[in-house]
Amino acid sequence: MNKEISVTINGEAYQHSVPIRLLLVDFIRDIAGLTGTHVGCTFEGVCGACTVHLDGEAVKSCLMLAVQADGRSITTIEGLAIDGKLHPLQKAFNDHHALQCGFCSAGILMNMAEFVRKNRKSTEEEIRSALIGNLCRCTGYAHIVDAIKEVAGMPGKSA
Amino acid sequence: MYPAVIDTYDAPTSVQEALQALANRGSNSHFLAGGQSLMQAIKARVISPKSLIDLQHVVELKGIQYKQGGVRIGAMTPYRDIAADEGLDGAYQALRDAASHVGDRQVRNRGTIGGSLCWNYIAACMPPTCIGIGTSLDLVSKKGKRTLLAEKFLHGPLETARHDDEIVVAVTLPAPSQFSGSAYKKWGLVTDALPVVGVCAFIGLDNDGRCQLARLAVGGLATGPRRANAGEKALIGVSATDASAISEATETAAAATETQSDMWADAAYRKKLIEILAHEVVTTAFARAARGKHS
């Protein structure tokens, strides 16, 4: 029913006995107390608000159990800025007003932080395609795409 | 949504350990692959497993290997790796077409080819693709091994030939003849949505550029993924420039496929989708086959 796990989140080790059925996103929010990772759709895993990095890969933390993260390293939105210095995407989101209510922002930033690490020069089509797993209900995506273009767009074409 | 109580969780690191864990845990134990479908079902309590056996750390189930011209893809290989593997281009490029548009980036990081085949969801890309390109599945249990063609393995939606005590360890593809090509395309309600219909074509050409081997497979059907045999027969002897013959073949494929009506598409519209998608993938597969072997 319960299992002892040790998970590193943003460089900090967490050791806990957790119910096997506990979702990773609930471990992050309720046990680690890191509420920047959001829960949107809660079921289908379609909204992307709960996206975190699992050993550097963008994954939806509502589609994993906490016990599956045993021994692994997770980065959440709270760990994206390093020593108080914003990630280039975070700065670009500010500059381009790429958020309104902010509910989806953490998930989008975590997904796209992995994307821009792997894709330095992307077309707008590639950026939009990379955003399929994240729903935003305020912005219409235009400013989000502009912000990502600034960090990972084609040279000379950035907004 | 929250899972029902789960009694045990095992994270084996080898196939043998996984089989042993299953034997120890007994009934209502489930293997967990990438979890992008199964976790939804567990959260919705469609499935309430007593025990979960997580295959994510079984390294021998991951990776794409090329041997004597054939391909072996570990069952736990994620879509992301299949989508990125240029070695599949030509004969087995349909796998890349399909894998690169499954779900979204996050899903492709976790979701696996073996998981998708074992789940055999009606709106899934891997089942028709694997039938279309002539994939076999290697299954292992404590009793031994067996190999099944994808079209024998995949039954109706959510049904397969897998026994409860078996693990699908890999999918394999034979060495293709020199001029072979494949393609897959789906149609869904929004970009990269679950497919309402998905069609895969595999074309093998003779030295004169005529089709000597054709396979067409359709997904999104209430009967489960199926080959469109009538359309395949109509493609034999056809060349890429023979536009009217290709159109006739894909019309035949659509006409002969049993389709259902549901909230996403009625039966007649599904047939139209099959015809149009089949035309596109057959045309693309011809072009890829004509380029010859890459490796």
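Predicted model: local features only at pLDDT ≥ 70, side-chain atom pairs only at ≥ 80, totals over all residues.
User: Is the crossing of α3(A) and α5(A) left-handed or right-handed?
Analyst: Residues are numbered from 1 along each chain as its sequence is written, with chains lettered from A and ligands numbered from 1 in the order in which they are written. Helices (H or I, at least four residues) and strands (E, at least two) are DSSP runs numbered from the N terminus, and a crossing is left-handed if the near helix is turned anticlockwise from the far one by less than a right angle, right-handed if clockwise. For α3(A) and α5(A), the crossing is right-handed.

User: Which residues of α5(A) make the contact with α3(A)?
Analyst: Contact here takes C-beta atoms, placed from the backbone, within 7 Å. On the α3(A) side you get A:Ile108, A:Met112 and A:Val116, and on the α5(A) side A:Ile144, A:Ile148, A:Val151 and A:Ala152.

User: How are α3(A) and α5(A) oriented?
Analyst: Axes are lines fitted to C-alpha atoms, for helices over the stretch in contact, with angles from 0 to 180 degrees between N-to-C directions. Under 35 degrees counts as roughly parallel, over 145 as roughly antiparallel, 65 to 115 as roughly perpendicular, and the rest as oblique. Helix α3 (residues 105-118) and helix α5 (residues 142-152) of chain A pack at about 30 degrees, axes 11 Å apart. That makes the two roughly parallel.

User: And how does α2(A) sit against α3(A)?
Analyst: The α2(A) and α3(A) axes come within 10 Å and cross at roughly 125 degrees. So α2(A) is, relative to α3(A), oblique.

User: Which element gives the largest share of the side of chain A that touches chain B?
Analyst: The contact takes 23 residues from chain A and 25 from chain B. β4 (57-60) and α3 of chain A each supply at least two on the chain A side. The largest share, four residues, comes from β4(A).

User: What ipTM does the predictor give the complex?
Analyst: Chain B has a mean pLDDT of 96, with 99% of its residues at 70 or more. The complex gets a pTM of 0.96 and an ipTM of 0.95.

Note on methods:
Contact = placed C-beta atoms within 7 Å. pLDDT = per-residue confidence, 0-100.
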